[in-house]
Amino acid sequence: MHDEFSPFPESLGAYCTREFPFRDHVQRTVRAVVGDPEQTLCTLKKVPRAKAEISCTLLDEGFQSVYRRFVKDVVRKELGEEYVLFERNPNLRVQPVSGGAPTAPHLDADHMHSPCEINYWVPLTLATGTNTIWTESWPEQGDFHSVECDYGQVFRFYGNQCLHFSVCNAEPTSRVSFDFRVVRLSDFARSRIPLAGERKGCKWVLYGYYSVMGPDGEVPRESFANIAASAPHPARFQVPALERPRGEQRRSRSASEEHLQRCIQQFGSARAARAGCCRCGWIANRAKIRESLVCSLGPRVVPWIAEQPDSKKPWGLGCIVCAAVAEAGLPGARHTSYADFEFGTTPGLMLQPLVRHGNNGKWDSTSVDDNGKWAGARGARQDMVRWRTHAEAVQAINRGDVPWELVVQRIDLAAAQGC
């Protein structure tokens, strides 16, 4: 996929809320639905039972008029495109106070979306900490971070190939947002998006799921063929240099038991600590995870996951296979969070990204139960998109491109680690 299409770097932009008053439209509907004229979007304590009715706000004439002007005047300009395909009806998201995570880590590609799609996420309230979305900055990078923004800002990211999710909201405020997908006209020819009626059973179709926006407004279907024929050659984004500090020496990190006791005191219980701290989740599930996350290296089947081997560096999880390939300096080797043992920035241990990284099964949103215990990669609902970085690293080792002594050293060090 990376050879045929360059992914889009994430970015955070701003727009005028007086010109595009999205929140006013949604808030009026929420107040009418819940029957409270003082209800605000940031104080929702549960998802209203009539969420479907609230979602219809995104279909009414007032909101749609603002939304289409936003695509025409903001999105086209931000992408530097004369014409764009855009999702006709955006998606409303509500994350109430003390609400569960609406979505597990996923790629839009899991649901057969075109790899040419770009995601736009628009918060209507303050989005911070645990009431916002989390994503990685680049496909297979594993450097998950929360998207910190507020009403009047719009976040662009490549959700088709970058894992994204939300966690349980522990903030004192709720989050309401909407999102939509866009495809540049210059990418249409390779997007594999059919016109409505051309491919039976396909949901993501032009003049069905998508419409087309140009400088003069929406483009009718009868005019599209001439516009598509004159589309420019697609632009290519360069992979941004990822500035990752290395070699920083810090005091030795605390032992596992000391860390666990500190987190129990901070979170109030061992269960809450497992849910809120990645390292505590690893401590509780280490044996089961190492049994499941394995790969074949030569004649041996070994766990590829391990903790940061340098006790002077911050704690993190990583991949001994990718680390060995990166250390060997092979052409194309990437310094990802997995290769540098820096995975572990999320509240709680997110297992789906690890299972995906090692191509160890199918993604499953129920892998971790309510007590923060892992049941293994079972009960899968859908095949995962295969992770190329790890697979190519395994192939490089099995071809002999990496000194076997280096690999064995990392395997033995991981086996000797405590949790």
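## Basis

The model is predicted: local features need pLDDT of at least 70, side-chain atom pairs count only at pLDDT 80 or more, and totals for chains, interfaces and linings use all residues. Residues are numbered from 1 along each chain as its sequence is written, and side-chain values use heavy atoms, with hydrogens and water left out.

## Nonpolar cores

A nonpolar core is a set of buried Ala, Val, Leu, Ile, Met, Phe, Trp, Tyr and Cys residues joined through side-chain atoms within 4.5 Å; buried means under 20% relative accessible area, exposed over 50%, and partly exposed in between (1.4 Å probe, protein chains only). The largest such core has 45 residues, and the members that touch the most others are Leu 297, Trp 304, Val 321, Leu 349 and Leu 354. Elements giving two or more residues to this core include helix H8 (278-292), strand S12 (294-297), helix H9 (320-328) and helix H12 (404-416). Helices (H or I, at least four residues) and strands (E, at least two) are DSSP runs, numbered from the N terminus. H9 supplies the largest share, seven residues.

Leaving aside residues up to four places away in sequence, Leu 354 touches Leu 293, Trp 304, Ile 305, Leu 317, Tyr 338, Phe 343, Leu 349 and Asn 360 (contact: heavy atoms within 4.5 Å). A second, separate core holds 33 residues, among them Val 71, Val 122, Val 176 and Val 182.

## Positive phi values

Met 112, not a glycine, has a positive phi of about 70°. Met 112 lies in the loop between strand S3 (91-95) and strand S4 (118-123) and is exposed, with a relative accessible area of 66%.

Arg 192 also has a positive phi, near 65°. Its position is the loop between helix H4 (188-191) and strand S10 (210-214).
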